[in-house]
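Here is a short note for someone opening this model for the first time. Please keep the structure in view while reading the points below.

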Amino acid sequence: MNTDNQTETGVSRRRALGLLALSGAAVAVGAAPATLHAADVFDPASITTPEQALAELMAGNARFVAGRTVGPNRSMARLKEVVPTQRPFAAVLSCADSRVPPEILFDQGFGDVFVCRAAGNIVTPELIGSLEFGTLVLGSKVLMVMGHTGCGAVKATIAGDAVPGQISTLYRHIQPAVDRVASRELEAVTRENVRVQARLLRTSSPVVAQLVRDKKLVVAGGVYDLATGRVTAVEV
Ligand SMILES: [Zn+2]
């Protein structure tokens, strides 16, 4: 799907403001973080469609990039609120890279995002099972596969060097993306890997496919830029 318009800061900010307004929060995005306890009234349950879920993810990233994070749902009150149950509005499959923390870069808190991580943001049976749980059972409405610039797993697969232990088991998951990019250029392969993994999710999981057909879920792609903090949409 085309998400270009949803990556525009203006649109995202309006969306974020709209969500805050809907939830009754009397705070302005961009106010000093120390005064933003009211941001905890932000309620992911107000997100009812896959489009809204994707927009909120991108709006959160726009807040992060602009230095206007609200750090929603990070209080002890929220922690206790989600003890009995969780209803994350989004699921994210990202790389395990320590520089790519989804809750921080999407400006979300406890109970908001169902995060699965593996080096190279690869799709394995275990991760499919986890993401099926996050979407079908818990109700996440967007499933974002997120690669990132400077990904060591992608770099190593392109190089094909011998590595110790079982690190090379990652290669076979990323190799299809390498094979599809004639230039073997790192960032191009990284984008292609997001497409390959997203396609794999949609085709190998009848659960995900059905949720998408029922318009209860959208599978989206993105690449996080280590240098800017920005997530750029990748059409998948
Ligand atoms: Zn990585």
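1. **A starting pair.** Val142 stands opposite Val218 in β4. Further along, Met144 has Ala220 of β4 as its bridge partner. Strand β3 (residues 142-148) and β4 run parallel and are joined by 7 bridges. Two strands count as paired if DSSP finds at least two bridges between them. Strands are DSSP runs of E with at least two residues, helices are runs of H or I with at least four, and both are numbered from the N terminus.

2. **What kind of model this is.** This is a predicted model, in which local features need pLDDT of at least 70 and side-chain atom pairs count only at pLDDT 80 or more, while totals for chains, interfaces and linings use all residues. Residues are numbered from 1 along each chain as its sequence is written.

3. **Overall make-up.** The protein has 9 helices and 5 strands. Along the sequence they follow the pattern α-α-α-β-α-β-α-β-α-α-α-α-β-β. Of the 236 residues, 44% are buried. Buried means that 20 or more other C-beta atoms lie within 10 Å of the residue's own; 12 or fewer means exposed, anything in between is partly exposed, and C-beta atoms are placed from the backbone. Take the contacts with a separation of 6 or more: 70% of them link residues 24 or more positions apart. A contact here means that the C-beta atoms of two residues, placed from the backbone, lie within 7 Å.

4. **The sheet.** In what order do the strands of the open sheet lie? The order is β2-β1-β3-β4-β5, with mixed pairing. β2 and β5 are the edge strands, each pairing on one side only. From one strand to the next, the twist averages 25°. Axes are lines fitted to C-alpha atoms, for helices over the stretch in contact, and angles run from 0 to 180 degrees between N-to-C directions.

5. **Strand β4 and its hairpin.** Strand β4 (residues 218-224) is mostly covered, with 6 of its 7 residues buried. β4 and β5 run antiparallel, joined by 4 bridges. Their hairpin has 6 residues between the strands, and Gly229 there takes a positive phi near 85°. Tyr224 has Val231 of β5 as its bridge partner.

6. **Val231.** This residue lies in strand β5 (residues 231-234). Is Val231 buried or exposed? Val231 counts as buried because it has 29 C-beta neighbours inside 10 Å. Beyond its neighbours within four places in sequence, Val231 contacts Met58, Asn61, Leu105, Met146, Gly222 and Tyr224. Asn61 is 170 residues away along the chain, yet the two C-alpha atoms are separated by 6.8 Å.

7. **The core.** The largest nonpolar core has 52 residues, and Ala90, Leu143 and Met144 have the most contacts inside it. Helix α2 (residues 50-65) gives the largest share of this core, 8 residues. Such a core is a set of buried Ala, Val, Leu, Ile, Met, Phe, Trp, Tyr and Cys residues joined through C-beta atoms within 7 Å. In soluble globular proteins, nonpolar side chains tend to be buried together. Ala90, setting aside neighbours within four places in sequence, is in contact with Ala53, Leu57, Val113, Ser140, Val142 and Met144.

8. The axes of helix α6 (residues 152-159) and helix α7 (residues 171-179) come within 9 Å and cross at roughly 75°. The two helices are therefore roughly perpendicular; angles of 65 to 115 degrees count as such, under 35 as roughly parallel, over 145 as roughly antiparallel and the rest as oblique. Ala153, Val154, Thr157 and Ile158 of α6 meet Tyr171, Ile174, Gln175 and Val178 of α7. By class, this contact has 6 nonpolar, 2 polar and no charged residues. Ala, Val, Leu, Ile, Met, Phe, Trp, Tyr, Cys and Pro count as nonpolar, Asp, Glu, Lys and Arg as charged, and the others, Gly among them, as polar.

9. **Positive phi in loops.** Asn73 is not a glycine, but its phi is positive, near 55°. Asn73 is found in the loop between α2 and α3 (76-81). Asn73 is buried, with 22 other C-beta atoms within 10 Å. Asp107, also a residue other than glycine, has a positive phi near 50°.
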